[in-house]
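Work through the exercises below with the model open beside you. Try each task before you read its solution.

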Amino acid sequence: MSSYNQTGYNETFFQEGEGSQAETKKVSFYTPLIYVSILIISLMIFASQYRRKKLEERSRLPSIFDEHDARDLYFELKELSLTEKVHDKVLKAALLNRGAEAVRRTIKLKEFTPQMEILYKNGSVGDDYWQRYQNEMKLVDHELKECIQEAESLQPGWPQMFVTVAKEICFNQALHRRYDSILTRKKITIEQWELSFDDNGKLIE
């Protein structure tokens, strides 16, 4: 017969409980770190693939600008450098030209943004063109960042001066285009009005 204490509970239950211990498994200190590392790496891979997929989708949309000759030329030279010797200065010059074009497109988009927002709010621009405009801004921003990464790969520490030099090239190219347009308009005006000038540039009446 089981004995009872003063409280009326069976002592056998407590005696059996005292002899038994809960089984525990030892977990290595590095196990949680491994799990967290795997999770972070998986998220990074997923984010990278997602950004690449979105970038490919944006690239398929028609561009607002013309063909990107500066970028195509740089890729051609870079591909050529894998089989033939291409001087680093040639690659740097092509990359600067590519960066200058990216800067020019960035400035153009920022200048047109207020007018574009007004046109979109007024309903003068459809959702398709507005989406193209938003995608173009993201593509141009990605293009400039990619140029900076390429500059770092060509010469470590160069990106600090790369953007500044690319902006100067962009402004010089803009002045050159403006000067060429003035000469073109001058030539057209002379032909239309049948004007004549002497060697000093004075109009012959």
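**Exercise 1. Find the salt bridge between D141 and K145, and classify both residues by accessibility.**

Solution. The side chains of D141 and K145 meet in a salt bridge at 3.3 Å, N to O. The criterion is a side-chain nitrogen of Lys or Arg within 4 Å of a carboxyl oxygen of Asp or Glu. Helices are DSSP runs (H or I, at least four residues), numbered from the N terminus. Now the accessibility. D141 counts as partly exposed because its relative accessibility is 40%. K145 is partly exposed too, at 48%. The classes are buried under 20% relative accessible area, exposed over 50% and partly exposed in between (1.4 Å probe, protein chains only).

The model is predicted: local features need pLDDT of at least 70, side-chain atom pairs count only at pLDDT 80 or more, and totals for chains, interfaces and linings use all residues. Residues are numbered from 1 along each chain as its sequence is written, and side-chain values use heavy atoms, with hydrogens and water left out.

**Exercise 2. Which parts of the chain does the R71–E143 salt bridge link?**

Solution. Start with the distance: the closest N and O atoms of R71 and E143 are 3.9 Å apart. R71 sits in helix α3 and E143 in helix α5, 72 residues apart, so the pair links distant parts of the chain. R71 is partly exposed, at 30% relative accessible area. E143 is buried, at 7%. Finally, widen the view: salt bridges that share partners join R71, R98, E143 and E146 into one network. The whole structure has seven salt bridges.

**Exercise 3. Are R105 and E101 buried or exposed?**

Solution. Both R105 and E101 are buried. They form a salt bridge, with the closest N and O atoms 2.9 Å apart. Both lie in helix α4, four residues apart.

**Exercise 4. How many helices and strands does the chain have?**

Solution. The count is six helices and zero strands. Of the 205 residues, 19% count as buried.

Note on methods
Helix = DSSP H or I, 4+ residues; strand = E, 2+ residues; numbered from the N terminus.
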